Amino acid sequence: MIDSSHTPPKPLSDSDRNNLVNRIDELEQLLAKKKTESKQAKLPRLKVGTDGIPVLVDLFSQDDLNQDLEQTFEQIDKDDQLINDIIDKVDKEISGDLDELILMLKDSIIDEVKTRLLEEFHIKKDNADKKE
């Protein structure tokens, strides 16, 4: 018995067809990009089948993946330590330079204050001597 309530699918309009083709093209480009990225990242190689679904070419084990991740994390730790060492060294150098600069400024300010006070003292003394 044929179900008469089932309506046949409506044919796609040109706009819908173009949109669908564009989306399929985007997916194929994404798959190609991911394939390139996996080669560069030394991840398991993927082969895109005729149906567009990626398939593993090389078998790999969880241990292989864990070892790669462990090496990556060790390298990140080394890089972080190197960066922290550089920051500490620069911080010490800047702190030392700033300490010297602060002492120089402090001495300069004290000398300037002394000079001004002495000048003012001499001016007041001269004015007092002239009045007498």
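This is a short tour of a predicted model, stop by stop, for use with the structure open in your viewer.

**Before you start**

Residues are numbered from 1 along each chain as its sequence is written. Because this is a predicted model, local features need pLDDT of at least 70 and side-chain atom pairs count only at pLDDT 80 or more, while totals for chains, interfaces and linings use all residues; side-chain values use heavy atoms, with hydrogens and water left out.

**Stop 1: the whole chain**

Colour the protein by pLDDT (the predictor's confidence in each residue, from 0 to 100). The mean is 79, and 72% of the residues reach 70 or more.

Select residues 46–48, strand β1, which has the lowest mean pLDDT among the elements, 58. Where pLDDT is low, the predicted coordinates should not be read in detail. Then select residues 62–131: this is helix α2, with the highest mean pLDDT of the elements, 87.

Now show the surface. Its accessible area (Shrake-Rupley method, 1.4 Å probe; for residues, only the protein chains shown count as cover) comes to about 12,700 Å², and carbon and sulfur atoms account for 57% of that. How much of the protein is buried? Of the 132 residues, 1% are buried, where buried means under 20% relative accessible area, exposed over 50%, and partly exposed in between (1.4 Å probe, protein chains only).

**Stop 2**

A search of the whole structure finds 3 salt bridges, each defined as a side-chain nitrogen of Lys or Arg within 4 Å of a carboxyl oxygen of Asp or Glu. Begin with R23 and E26, whose closest N and O atoms are 3.3 Å apart. Both sit in helix α1 (residues 14–40), 3 residues apart, or about one turn of the helix. E26 is partly exposed, at 43% relative accessibility.

**Stop 3**

Select E112 and R116, a pair with its closest N and O atoms 2.9 Å apart. They are 4 residues apart in helix α2, so about one helical turn separates them. E112 is partly exposed at 39%, whereas R116 counts as exposed at 57%.

Move along to E120 and K124, where the closest N and O atoms are 3.8 Å apart. Here too the spacing in helix α2 is 4 residues, about one helical turn. K124 is exposed because its relative accessibility is 55%; E120, at 45%, is partly exposed.

**Stop 4: surface patches**

Patches are built from residues with over 30% relative accessible area and no salt bridge, joining like charges within 9 Å and nonpolar side chains (Val, Leu, Ile, Met, Phe, Trp, Tyr) within 5 Å.

Select L82, I86, V90, I94, L98, L101, I102, M104, L105, I109, V113 and L117 to see a nonpolar patch with about 1,100 Å² of accessible area together. Is M104, one of its members, buried or exposed? M104 lies in helix α2 and is exposed, at 55% relative accessibility.

Finish with E70, E74, D77, D79 and D80, a patch of negative charge on the surface. Lys and Arg count as positive and Asp and Glu as negative, with His and the chain ends not counted; each charge is placed at NZ of Lys, CZ of Arg, CG of Asp or CD of Glu. Zoom in on D79 in helix α2: at 35% relative accessibility, D79 is partly exposed.

Terms used
Helices (H or I, at least four residues) and strands (E, at least two) are DSSP runs, numbered from the N terminus.
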